[in-house]
Amino acid sequence: MARWLPRLADLTRFCQKLNRVKTLEDDMMETSFNRCLSTIDLTLLGIGGMVGSGLYVLTGTVAKEIAGPAVIVSFIIAGFASLLAALCYAEFGARVPKTGSAYMFTYVSVGEIWAFLIGWNVLLEYMIGGAAVARAWSGYLDSIFNHKIKNFTETHVGTWQVPFLAHYPDFLAAAILLVATAFISFGAKVSSWLNHVFSAISMGVILFILIMGFILAQPKNWSSQEGGFAPYGLSGIMAGTATCFYAFVGFDVIAASSEEARNPQRAVPRAIAFSLGLATGAYILVSVVLTLMVPWHTLDPDSALADAFYRRGYAWAGFLVAAGSICAMNTVLLSNLFSLPRIVYAMAEDGLFFQVFSRVHPRTQVPVIGIVVFGLLMALLALVFDLEALVQFLSIGTLLAYTFVAASVIVLRFQQQKVDVPAPAAGGQPSSESHEGPSASELKEYESFSDKLQLVDRDKSKEHREPGQLKAAFEPYLEFLSDFYPGEVVTVAVVTLMVSAICLCSILVFGNTHLHLPTWSYSLLLVLFSLGFLLSLLLIWAHEQQHSTQTFQIPLVPLSPALSIVLNIYLMLKLSYMTWLRFAIWLLLGLLVYFGYGIWHSKENLREPRPQRVSARYVVFPSGSLEERVQAVQPSSQPAAGLPDTDIDNCKR
């Protein structure tokens, strides 16, 4: 029976396979895509992904049902919370200018299986999101024509009464997705130009709304006679913040497009900052004019802006608002169809997904097969499925991606930049560089049988320390941590931080409602998990981190990413249990794909050296440091290259 159980070495090797990280190319600017997008192109892509139908629908819904005029404060807080996640994406997009967004960022820092699951969830998020926006686009246009399209379809095609299927097939939604798919397949420049057109119209309509809205503003609508500025109090503002947070989902299209940016090190951080700032400003100002034009409790949640102009005697303005809403939804459609095939391409290029999706058209320089296949799948979803029950699923995939990207920033910031030892010169003589100690910007790594031997013996008197090492000021108090590999303690601390954040948020969300904890245990658990979170944060901060002046770096690391992690986990736990159930089922399907295909075809799997019998020893000379004087001694009786016979005799003794 025991012989059928896996050995410890096999389990260790299997876990190493699951957590292996992606090896990046030396020249990360080399790509099969067309680097043609400027900062303006990326900024408008980000605005198009964020400023969609939510500007015309979400503002009125939150103002009337959740926060009142204080929806303005909700958008300010939500914008700041989104900024924490956006800055993490900006650092990665500038540092790793490759397509794949959250999937790629997780792969280069956390591990393969986590990256695959992030990519797998983002894939479904974009598919459902694009199909849902297409149905909203269809419904909005149909309402302008008094639902004639819907009535015609129900009369001539019929209706369905099947669970999970729509009441009737939405041919208009499927058609707009197919048209958008055709335009996206023509190349990044055509997609960008089309996005420019729709974004310009949408921003023009927003400007009209703001000008007319401030002209028609009545400050009495914020007075106590109408319920005041914050009728639902602080709880309403925070509940509104949780809803408004999802309005800013979409800036990750910029990170997904970094492989097609001309100068991603500068363009990606700037585009994310500009687009998020403009989107936040648009949401805040539109909320201001909307709640000042009419009393907040009289708003129509389905068409708040159009109804507000109609009630003030400007019915014609409703057509402009409708045009702006349709253009805004077009930009969101383009954003989804633009990002999805590129993430699938990145997964296929790494061997984790089916290889056919890694093909790039030689003329248009875009993954045409991925665009067509997933465009058709998205159109099928919009045609026949009831997406209302699945829309909330979008939130959990986005928040999970934000969480892993924030954790990846911390892990990668405290990792050493590895530089391989130069190969021996012809004739078997070792390169003279292998005898020199590391410079301030380089770490030499020597590999043994385990392929993981890192020589970390450092001169304690040196002031400069490599990333991942304990700071000199903390060494007298945390000397026992000096024996670990650089970055190893930080990785463990990040895991502890995330576990503490999950426990802390679980107590906050479920402690009083579902768990019914007494006050003393509720307070005690909050204190314990808060201490665990803070101690993990301090332990990370006690180590040296990378400092780069060449690319953008998020400030206040590890505090900023840690706050983003806590916020994302809190919002995930606020989602319904049905959302978590669907999420678990989708994860199981993803694991089947990974273990059935991805783990065997992974390029990192092909890079791994095959096990072979190697006999080698390492000799440490007392006259030098461990790092400077490591030489391999051949097991044969002949002297090793570069070592005199006397040294070999000394070693044997």
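A crossing is left-handed if the near helix is turned anticlockwise from the far one by less than a right angle, and right-handed if clockwise. The model treated here is predicted, and its local features need pLDDT of at least 70, while side-chain atom pairs count only at pLDDT 80 or more and totals for chains, interfaces and linings use all residues. Residues are numbered from 1 along each chain as its sequence is written, and side-chain values use heavy atoms, with hydrogens and water left out.

**Exercise 1.** Determine how helix 17 and helix 19 are arranged relative to each other.

*Solution.* Step 1: helix 17 (residues 488–510) and helix 19 (residues 559–573) pack with axes 9 Å apart, at an angle of about 40°. Step 2: angles under 35 degrees count as roughly parallel, over 145 as roughly antiparallel, 65 to 115 as roughly perpendicular and the rest as oblique, and the two helices are therefore oblique to each other. Step 3: the crossing of helix 17 and helix 19 is right-handed. Step 4: the contact (heavy atoms within 4.5 Å) involves residues including L497, M498 and F510 of helix 17 and A562, Y570 and L573 of helix 19.

**Exercise 2.** Classify the residues in the contact of helix 17 with helix 19.

*Solution.* Step 1: Ala, Val, Leu, Ile, Met, Phe, Trp, Tyr, Cys and Pro count as nonpolar, Asp, Glu, Lys and Arg as charged, and the others, Gly among them, as polar. Step 2: on this scheme the contact of helix 17 with helix 19 has 14 nonpolar residues, one polar residue and no charged residues.

Note on methods
Axes fitted to C-alpha atoms, helices over the stretch in contact; angles between N-to-C directions. Helix = DSSP H or I, 4+ residues; strand = E, 2+ residues; numbered from the N terminus.
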